[in-house]
Amino acid sequence: MELTRAAFDDLRRSIHRLCGIVLSEDKEYLVRHRLEPVVRQAGCRSFDEFRVKLSGAEAIQLQEAIISAITTQETAFFRDRHPFDALRQQILPELVQSRRAASAASRRPIRIWCAAAATGQEPYSLAILIHELAGASQPSGLKPEDFSIMATDVSAKALATARAAAYERRQVERGLTAGQIHKYFEHCGDHWVARPALRKLVEFRRVNLIQPFSGLGTFEVILCRNVLIYFDDATRRKICDQFFAMLSDGGWLLLGSAENLYGISDRFVSVRFGDTLVYRKPPLTRSPNP
């Protein structure tokens, strides 16, 4: 199916407006490959016909299809592994310690936000990590319910998969041990479904990061991995400014291994744990007593 230059440029603008993704001029193949099934499903014979239809009565439905098709849903359980090692060995134990030191009246669950959850493997990996941390902490009284995970994505289709929490064997075997699979998932037909103990820790919501999202509240940890690379610098700055405002004092921001805040924000302090570079909102410094 032919993709004219006019149609390509129009679709690039629409994609940027819908979800902030910037497509360079050499991405014609990607647009054709990802969107041609959407164009055919819409009953259009060409991309030019499709872009005309985008301004009609079916616009919202077609926009949803574009977002689901164009956003990258590459993910895996415990993807890259080392960020989860940093969470297990350093970040979460420190947060648990701070929570214990707080007064009972001010104590609340430690909130973690997966800002691009895709089909759910990342938040469920966190839920597994939290269960393992709580199990290893006995008899300290730490419970999985002392944590709360918010998982968001721009794709309604991806979120539907995440909420269902049903994965093929190849998906669970990519990143999980046999013991983790059998402990945290139930075998149902051709799929492995996350057990209720995992699922109750995660709340899913649809969030578009190019729109204001500060209403989600305050978090101790935000994971936004392998997302900022698709945005322009202005969008990255706007998103990171909101992350900074939403993190509690001393809170942590984890990006993808190919991402950094150089030239985007100087408000965070970078901290390295082994192979993982993370960013921290400076802790609140208290003035000494007079």
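Me: So helices (H or I, at least four residues) and strands (E, at least two) are DSSP runs, numbered from the N terminus. Which strand does L247 lie in?

Reply: L247 lies in strand β8. Before we go on, this is a predicted model, where local features need pLDDT of at least 70 and side-chain atom pairs count only at pLDDT 80 or more, while totals for chains, interfaces and linings use all residues. Residues are numbered from 1 along each chain as its sequence is written, and side-chain values use heavy atoms, with hydrogens and water left out.

Me: Ok! Is L247 buried or exposed?

Reply: L247 is buried, at a relative accessible area of 2%. Buried means under 20% relative accessible area, exposed means over 50%, and partly exposed is in between (1.4 Å probe, protein chains only).

Me: What does L247 touch, not counting residues up to four places away in sequence?

Reply: Its partners include T218, F219, V221, W252 and K281. Touching, or contact, means heavy atoms within 4.5 Å. T218 is 29 residues away along the chain, yet the C-alpha atoms of L247 and T218 are 5.6 Å apart.

Me: Switching to helix α1. How far apart are its end C-alpha atoms?

Reply: They are 21 Å apart, which agrees with the 21 Å that its 15 residues should span at 1.5 Å a residue. That expected span is 1.5 Å times one less than the number of residues.

Me: Which α1 residues are buried, and what covers them?

Reply: A7, F8, D9, L11, S14, I15, L18 and C19 are buried. The cover includes α2, α3 (47-53) and α4 (59-70). Just after α1, G20 has a positive phi of about 85 degrees.

Me: How do α1 and α2 cross?

Reply: The axes of α1 (residues 5-19) and α2 (residues 28-41) come within 11 Å and cross at roughly 75 degrees. Axes are lines fitted to C-alpha atoms, for helices over the stretch in contact, with angles from 0 to 180 degrees between N-to-C directions. The two helices are therefore roughly perpendicular to each other. For the labels, under 35 degrees is roughly parallel, over 145 roughly antiparallel, 65 to 115 roughly perpendicular, and the rest oblique.

Me: And which residues meet there?

Reply: R5, F8, L11 and I15 in α1 meet E28, V31 and L35 in α2.

Me: What about a nonpolar core? Which residues touch the most other members of the largest one?

Reply: L35, F50, W113, L209, F213, F243 and L253 do, out of 49 residues. α1 gives the most to this core, with 6 residues. A nonpolar core is a set of buried Ala, Val, Leu, Ile, Met, Phe, Trp, Tyr and Cys residues joined through side-chain atoms within 4.5 Å.

Me: What's around F213?

Reply: Leaving out residues up to four places away in sequence, F213 touches W113, V207, N208, I239, Q242, F243 and M246. There's also a second, separate core of 46 residues, including I91 and Y124.

Me: Last topic: where does A165 lie, and is A165 buried or exposed?

Reply: A165 lies in the loop between α7 (156-164) and β3 (166-168). A165 is buried, with a relative accessible area of 0%. Phi of A165 is near 60 degrees, a positive value in a residue other than glycine.

Me: And what about D80? Where does D80 lie?

Reply: D80 lies in the loop between α4 and α5 (82-101), and D80 is partly exposed at 36%. Phi of D80 is positive too, near 75 degrees.
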